[in-house]
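The tour below moves from one selection to the next and describes what is found at each stop.

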Amino acid sequence: MAGNKGNESFFARLFSKLLKSSDPDVEKKRLLKNIAKETNHNKYKFIKTSSLEITPQFGKFFYDIYKTIAPAQSIVRNIQNPNQFKNAVFIMGMSAEQQKIYERLSEENIMQEAAQKPFNEFEESIKQDLQAFTNEFDSDKINKLNDIYRKLEMFKVFCEYDYYFLLKKFDSSIKEASFNVPPRFDNIRGEYIVNEIQDFYDILYSMQLDGDWSGVLKVFKELRGVEPVAIKTWNKVLAILRDVRNSRILEEMLKLILQDPFYTQKVNIETKEFVDEFLDKLKNQTQEALRKVEKQRKDSKVGELATGLFGTAEVIVLKNYTTKLNPVFERKNLSGYTYCQPLNYMKAFLTDIFKKDVREFADLVLIRGKWTTNVLSKQISDVYNAILANCEELNAFDDSLSEEKDRGSKIKILSLRSDKDTEANKIIRTQLRDINEDAFNILTSTSQNLVQFARDIKALLEDKEKTSPQMIINWKELEHFSDTPIREFGIAIYKSIYQFVTLMQVFLKKN
């Protein structure tokens with residue numbers, strides 16, 4: 001009989017388990033009952049498991065936190081720019097030497113210092129300073145500063161939690177940031193503050209509750225001249241938060257209020273690695289400041305040289321290779337016409353100076369001059385004619401970009417289609433690259449020919465001053481055909497070409 005009873009008891013238990021697993025509602029109630037038992041044994045009596053009411057003890061827990069961090073809340077709210085925190089942490093980690101370099105790397109200081117030194121020398125010194133600055137940020141320093149900043153972000157979020165709004169639900173008479181009158185907390189229904197509990201759960205479980213927090217409070221002292229909370233007081237808060245988190249009371253409360261024994265709340269913990277980001281930003285800002293300096297110097301030099309040649313820095317003589325289409329190209333993320341300014345200068349020089357003054361000088365020496373050998377005259381004549389050919393090439397290039405010509409018409413059509421047609425976008429990029437390459441080649445070839453022609457002029461002027469000229473033998477006779485003394489005339493032309501080639505070098509030099 002005893003054996004039969006044992007078998008019956010075994011089968012009864014097995015049957016009971018099968019019934020439980022097959023009825024979800026029964027299983028859910030059983031699990032919630034177990035959670036309620038665990039909650040009743042929890043040291044934190046934050047909820048009445050029978051009625052699912054939140055107790056005054058829970059309100060007091062938040063009130064004590066609110067009372068401690070209320071001064072910090074006002075400080076955090078008054079710091080609207082998040083970069084203030086980053087700057088403060090970053091500066092706090094600098095050595096005295098780094099602080100000097102950091103000040104020197106400011107855009108304002110770079111612009112001021114750059115005016116006093118040659119650009120290449122100044123640029124190199126700034127790059128050396130930047131390298132010395134970054135080298136001091138070793139892995140230990142970077143990890144320390146990243147840790148401070150992460151905790152600073154946690155502290156900020158912790159302070160921004162709306163404790164007053166939550167506490168108002170426990171005691172409607174409570175005053176914001178006023179702690180003179182003790183509050184009187186009542187029991188409240190759990191569902192009434194379930195969202196607030198979930199929000200605080202996110203904060204609590206994303207916080208780093210151990211380690212050294214003194215660096216965080218030091219940042220506030222640097223920014224506002226006062227610590228938002230004493231370090232001993234804050235460490236006590238952290239200890240309480242640790243204990244609450246370890247007790248899992250919030251998790252149990254949410255499961256009971258939501259009547260979901262399987263409820264879990266995923267917390268996203270962000271890893272803030274701000275030091276590398278800050279260093280990259282500093283490098284970019286420094287490089288941008290140097291680019292501004294270089295551009296200012298370039299623009300100043302271009303303006304000075306162009307004004308000396310043409311009387312103005314604004315020269316527009318080309319009809320089609322112009323900047324007027326560039327805004328359209330830029331909106332489509334295309335390069336556009338990149339050599340408009342130097343090519344305009346080149347056409348103006350070839351038209352207004354080379355084909356007038358230089359041609360007059362060339363006709364004088366090449367046609368009326370008696371050369372000791374045709375080889376010498378042919379060399380100079382070839383260079384001169386090559387420049388004239390460059391001029392014709394430039395005109396033909398500009399003309400080809402007219403909307404009436406195939407090349408210009410194709411660019412217009414492709415530009416209209418490039419937004420929606422991938423193939424058209426690829427073709428126009430290639431077309432623009434080829435057009436700019438042609439412009440560059442014209443600039444380079446003409447500049448090289450002008451340099452050679454200037455050397456020839458210099459050689460002729462030196463030959464004229466010789467007792468026995470070796471290139472042209474009738475210099476005295478040629479003086480009668482020139483309104484201006486030949487030497488003076490030649491020097492003026494040489495200077496004009498030199499000035500123009502110098503102008504072209506500003507645009508053509510490799511960065």
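Does T286 count as buried or exposed? Select T286 to begin: at 2% relative accessibility, this residue counts as buried. Buried here means under 20% relative accessible area, exposed means over 50%, and partly exposed lies in between, with a 1.4 Å probe and protein chains only. T286 lies in helix α14 (residues 274–310). Helices (H or I, at least four residues) and strands (E, at least two) are DSSP runs, numbered from the N terminus. Display the surroundings of T286 next: not counting residues up to four places away in sequence, T286 touches L105, I110, I126 and L130. Contact means heavy atoms within 4.5 Å.

**How to read the model**

This is a predicted model, in which local features need pLDDT of at least 70 and side-chain atom pairs count only at pLDDT 80 or more, whereas totals for chains, interfaces and linings use all residues. Residues are numbered from 1 along each chain as its sequence is written, and side-chain values use heavy atoms, with hydrogens and water left out.

Colour the model by pLDDT, the predictor's confidence in each residue, from 0 to 100. The mean for the protein is 90, and 95% of its residues reach 70 or more. Confidence is lowest in helix α1 (residues 2–22), with a mean of 55, and highest in strand β2 (residues 53–54), at 96.

**The whole chain**

The secondary structure comes to 21 helices and 3 strands. The radius of gyration is 41 Å, well over the 24 Å that the globule rule gives for 511 residues, so the protein is more spread out than a compact globule. This radius is taken over C-alpha atoms, and the globule rule is 2.2 Å times the number of residues to the power 0.38. Along the principal axes, the C-alpha atoms fill a box of roughly 145 × 55 × 50 Å. Of the 511 residues, 42% count as buried. Among contacts between residues at least 6 apart in sequence, 78% join residues at least 24 apart.

**The sheet**

Select the strands. The 3 strands form an open, antiparallel sheet in the order β1-β2-β3. Two strands pair if DSSP finds at least two bridges between them. β1 (47–48) and β3 (188–189) stand at the edges, each with a single partner strand, so one side of each is left without a neighbour in the sheet. β2 and β3 run antiparallel and are joined by 2 bridges; I54 has I188 as its bridge partner in β3.

Centre on F58, which, leaving aside its neighbours within four places in sequence, is in contact with F46, F170, I193, I197, L250 and M253.

N109 and C391 are 282 residues apart in sequence and 45 Å apart in space, C-alpha to C-alpha.

**Helix α11**

Move to helix α11 (residues 214–224), where G215, V216, L217, V219 and F220 are buried. The buried residues of α11 pack against α3, α4 (82–92), α8 (139–160) and α12. After α11 comes G225, with a positive phi near 80°.

**Loop residues**

Select I174, in the loop between α9 (163–170) and β3. I174 counts as buried, at 6% relative accessibility. Leaving aside its neighbours within four places in sequence, I174 is in contact with Y63, Y164, L167, K168 and P183.

Two further stops concern backbone angles. R248, in the loop between α12 (231–247) and α13 (249–257), is a residue other than glycine with a positive phi, near 65°. At 43% relative accessibility, R248 counts as partly exposed. Finish at N333, in the loop between α15 (326–331) and α16 (340–367). N333 has a positive phi of about 60° although it is not a glycine, and N333 is exposed, with a relative accessible area of 58%.
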